[in-house]
Amino acid sequence: MGYSERHCQLCGVGFNVGRIRKADEPESAAWHYYGTDFITDVDTAECEAEGCTNIPRTEHPDPVVSAEAEHIAGPNCKSTQGYSGWRITVEEMKDILRCLCIAAKPEDWQPEIGDKDYEIDTTYCFVAGVSKCPDEFEAGELTPTRHGLSDTMINNEAMEGLGSDEEWAIPVHEACFQMFERVSREKLGKVDIDGLWRLRDIEGDWPEGFMDPLKRIDVTIVSEQNYHCALGTEYLVSHPLRVDGLDQLINSCALAGEAPCKVVFDIGQATESHRDPFAALSAELCELLLGHLERRDVANMRLVSRSFRQLPQLYFRRLVESEMPWIWEVTTLKGRRVDWHNLWCRLSAADGGAGMDAQERHWLQQLPQDKNEILRQQLRKEGLTGMEMSKEWAKRSLNLKQQVDDDIKAANDAGKWPADTRKATEIRGLRNRRRIWEDLEEIVKRIAALPPVEEDEDAESRVW
Ligand SMILES: [Zn+2]
Ligand SMILES: [Zn+2]
């Protein structure tokens, strides 16, 4: 088996991601996937984009490295060895290289200053230090050294079957872990790192972490043997907590002067021919009704009833607060006058466009089913039945996966998903935050569904 990088157990993205700097950025803005040096003209032989250049780095202490030229990104750089400085800033992506280790708790573990409250009572694990750019199974030097642990091995999979007595740590991004703390507290009432540990031991998988690959389409695209920096996937490595532009966006929807209109949208012309059964309802009752309807139903109501043509600002406030739980910054708007409709529209556009990921995922889930159906119909057309059909199915269905992969590649090449043409309004870090939050909700749900520990032990003793 060749080299295979570990991934963040929570969000599925790797830790080893290169960056190609722009000509006006310092040398420190470039690094190879292992976090130092730079991406060379040899690495990027596939990139012949206009505007890219290759320059010597004579200062480098290693003569082999200094003999190579550094690839400098132009605006249209096509290299997939590193993300281009034209498309993501150093500040946004530098922390993706850092790997926080959730390590096994030795039997003689004693509390020490700086422990978090939830670490003290755990059975299986504690939060160890951070390593910069781990190498396959080795996290390397951990900072700080917590509970005497200065280095560790890491793994995404259950340890069973690896032939090691040692229990290897779970690798996560620091930001993903901070979000895990938040989601776990909210949904489970505590930060359940023991639950995370047990889930890794039961469902841990490489390279998917815990999740179904179809749910992680962009992650699947970048997760090749070495991280594949596909155009349009920069958001996957954008810091999800330090999000440039988010505070400004939120604050720009708070109004200093007059209050925003209580309702949004034009009421439109009244038509005699159209009897509106809801016209008899008071505005208060209409508002009450809106609180019980799905977003799609509200859209339909607007089409069929003039009473719902206009929507109250409060309706959009509810949407922001209930449908975007990952944007906790909106609580800073408490007590202020806010144009909630404007805020809802802009936040929706900023995190990738409302429903864009959902459409993408639906298409990807549907694709294999469609291919199966086409093959089934083809075999029927050829008059095959029973065993004959089963045999032929077994033979030809081997090609289906390849066909699905080809269709996905064609869609990517055509800019469909993940679109190089993502809206200019996208805020990368926010889009990443939404992606991670949605994964975390699923992970925490799975932790909640784990069998009680006693049952595990019973089951184990029965097996042996
Ligand atoms: Zn992560
Ligand atoms: Zn280039």
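Predicted model: local features only at pLDDT ≥ 70, side-chain atom pairs only at ≥ 80, totals over all residues.
Local features require pLDDT of at least 70 and side-chain atom pairs pLDDT 80 or more, whereas totals for chains, interfaces and linings use all residues. Side-chain values use heavy atoms, without hydrogens and water, and residues are numbered from 1 along each chain as its sequence is written.

The structure holds 29 salt bridges (a side-chain nitrogen of Lys or Arg within 4 Å of a carboxyl oxygen of Asp or Glu). One of them joins the side chains of aspartate 95 and arginine 242 at 3.0 Å, N to O. Aspartate 95 lies in the loop between helix 2 (90–93) and strand 5 (98–104) and arginine 242 in the loop between helix 6 (217–222) and helix 7, so the pair ties together parts 147 residues apart in sequence. Helices (H or I, at least four residues) and strands (E, at least two) are DSSP runs, numbered from the N terminus.

Eight of the 11 residues of helix 11 (residues 340–350) are buried, so this helix is largely enclosed by the rest of the structure. Buried denotes under 20% relative accessible area, exposed over 50%, and partly exposed in between (1.4 Å probe, protein chains only). A salt bridge of 3.6 Å, N to O, connects the side chains of arginine 434 and aspartate 351; arginine 434 belongs to helix 15, and aspartate 351 to the loop between helix 11 and helix 12 (356–381). Both arginine 434 and aspartate 351 are buried.

By contrast, glutamate 141 in strand 7 (residues 138–146) is exposed, with a relative accessible area of 65%.

Technical notes: Chains lettered and ligands numbered in written order.
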